[in-house]
Amino acid sequence: MKKILFIIILATITTTETYAQKIKGDFSNVERVIQPKYASEGVVLDIAIKRTTTDPYFLSNYNLGYDLNSDYYTSNPKFNNNFGTPKYLAVIDYVYNEPTINIVKKDNGMFLTSIHSNISAKLYLIDIEKGVFEIEDLVFKDINLKYPIDNTKGESLSYDRMTKATMVFDNLSENEANQYKNSSLNYAKQVNIQQLSKLPGLATEIIEKKFFPYSKKIGIYFNYIKSTDDFKGEAFNKAYNLIQKSIYPVNNDNLFEAISILKTEKENLVSTDDKKIVKYKIAILQNIINCFHAMQKIDQSKPYIDELLLLDSKDDIANSLLQRASNPIVQKEQTPEQLVYKTIPDAFLKNELKRFLYKKNNEINYIPQVLGKENATYYLLLNNYINCSAELLKTNNSVEIDTNLMNYLAETLILSKKALKKMDNNADAILINFKLFLDKVELDLKPIEKLKKHYNYFDLSNDLYRSQVRKIMFEKYKRSDFIFTDEIKLSLSKCFEKLNENDKKIVSTIHSLYSELIISSVNKTFSNKSKIFEKIDSLKNSFATKYKNGFPEEYFELDIISQKVNSDKGFPGQELYNLEILLSNIYSIFLL
């Protein structure tokens, strides 16, 4: 009895090994081009990406020091980083989640502490003219808590672009591990900062795949049958080798040749009773079907799928491809008219995004002044004072021109009292006579102080106040009293004497551009257009030198200045104010 049982077992093992060793296989990568969801309308997407937050935790803990409201410049050449007036705006809205702090005891008895950021975001895709057309969650993959980073020694920070930002402290005693856990606040901020910087990269990848075709590798399994006494594999080997070298990239001619060889091999296998022969046929049919799959010609594989299902009705490959052949999925681009638009969230219209969303491409837009850089505005005004005071001496000015000139002079005089306190001492000391004049003006304007709405500023919107200022100025002073050209020039030169030659050139360009624009606006004629365009081009070249991936908003406003000058359009009151801030911001970008 034992002898018979042994023979049965031996026969079973031998049969199993016979089948197993003859049918092998491997996955080969095939490249697929995935069509985008939306039409890109060109090779470069007209888009700006902005970061913000509407999350209550972030808003109530702004003192944490996270950079949550800023422009994001991607180096992806398919995005134009248009922070002027783009067609699309992508908003990354950060969402706070508490970090994960985890302690693991390792096999060697030591401990590992890891800290993982869980900050996520929502991505809003906005057509600025029509509204929101896509919202998507930005979430990184979870980290393996037991083995967060392979082969770590000591402190390390994970920079894997697709997983959560993680900091690891390895090979610790239990006491040390708990110490890191108890002092995790600083480390949590580090991983949170990294997570905040990684999320825009994830957003960029998602946006690109929604607007542009992209390649994706898929694995297709091909069987390999070894040569044996009952399967002469020379022809099969030729077909298999053709397949392997023709998959990536796909070579249709070679694959059709391989299919032809495999068909002949299949037809040579005539027996349908021998299980080995049936197994060979199934393997060959699967390879034929997968060749058609690689060429994306599933419809031509239908006869072979039917034949395979007769041999094995449960074959996964055949059933999968049969379903795909019966229900082909053709992903079509959606034109903008097919999109469903939603209103822009109210929360976005209560922060800085509102200003950006309502910008216009035919006027100088308001851009907030760079905080702490108010001196830049004063330098502009002080330099412009020289030109406006010289223009005031002209005897053929109209009443309107004199009115506008006095407005600029008065604004500078009123701001100067406060601004001089922040100037370099050497520069301030030069303005002796100018400061005495400021004291007299301040005293003369005291009686109308109550008309002001903004204490320290020349009230641009208050016509009554401005008219009273002009009346006092013209009644109490001769036009020549406003001339302090030599003092102001010398003082400004002291302010910039430590700058290198290139930076001094930028200062000169900004000063002369602003003066040209103001005087032209006062006279309602742009008589020196070529000079203005030359200055604008010079500043744009400076931006191109400083910024590699994209330009800030100020750069795009220079183009609007060019448009208005070219069409002989002046600058209404609010635009003049916006122009003042714009050029003072350019000062700050390059010099302060």
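This is a predicted model: local features need pLDDT of at least 70, side-chain atom pairs count only at pLDDT 80 or more; totals for chains, interfaces and linings use all residues.
Start by selecting helices α14 and α15: α14 passes α15 in a right-handed crossing. A crossing is called left-handed if the near helix is turned anticlockwise from the far one by less than a right angle, and right-handed if clockwise. Show V441, D444 and L445 on α14 together with V469, I472, M473 and K476 on α15, and you have the residues that make the contact. Contact here means heavy atoms within 4.5 Å. Coloured by class, the contact of α14 with α15 has 5 nonpolar, no polar and 2 charged residues. For these classes, Ala, Val, Leu, Ile, Met, Phe, Trp, Tyr, Cys and Pro count as nonpolar, Asp, Glu, Lys and Arg as charged, and the others, Gly among them, as polar.

The axes are lines fitted to C-alpha atoms, for helices over the stretch in contact, and angles run from 0 to 180 degrees between N-to-C directions.

Residues are numbered from 1 along each chain as its sequence is written, and side-chain values use heavy atoms, with hydrogens and water left out.

**Next: α12 against α14**

The crossing of α12 and α14 is left-handed. Pick L413, I414, S416 and K417 in α12, which meet F434, F437, L438, D439, V441, E442 and L445 in α14. By class, the α12 contact with α14 divides into 7 nonpolar, 1 polar and 3 charged residues.

**Zoom out**

Show the whole chain as a cartoon: there are 20 helices and 11 strands. Helices (H or I, at least four residues) and strands (E, at least two) are DSSP runs, numbered from the N terminus. Of the 592 residues, 47% count as buried. Buried means under 20% relative accessible area, exposed over 50%, and partly exposed in between (1.4 Å probe, protein chains only).

**The sheet**

Now select the 5 strands that form an open sheet with mixed pairing, in the order β3-β2-β4-β7-β8. Two strands pair if DSSP finds at least two bridges between them. At the edges sit β3 (70-72) and β8 (131-138), each pairing on one side only. From one strand to the next, the twist averages 25°.

Walk across from β2 (residues 47-53), which runs parallel to β4 and is joined to it by 7 bridges. On this stop, find T52 opposite D93 in β4. Strand β4 (residues 88-95) is mostly covered, with 7 of its 8 residues buried. β4 then pairs with β7 in the antiparallel sense over 8 bridges, and Y88 stands opposite D127 in β7. Finally, β7 (residues 120-127) and β8 run antiparallel, joined by 7 bridges; look for K122, whose bridge partner in β8 is D137.

- L583 lies in helix α20 (residues 573-590) and is buried, with a relative accessible area of 0%. Leaving out residues up to four places away in sequence, L583 touches L380, I510, L513 and Y514. The C-alpha atoms of L583 and Y514 are separated by 7.5 Å, although the two are 69 residues apart along the chain.
- E363 is in the loop between α10 (352-357) and α11 (375-392) and is partly exposed at 28% relative accessible area. E363 and E557 are 194 residues apart in sequence and 8.5 Å apart in space, C-alpha to C-alpha.
- P249 lies in the loop between α5 (234-245) and α6 (252-268); a cis peptide bond joins Y248 and P249, with omega about 0°.
- N81, in the loop between β3 and β4, has a positive phi of about 50° although it is not a glycine. N81 counts as buried at 2% relative accessibility.
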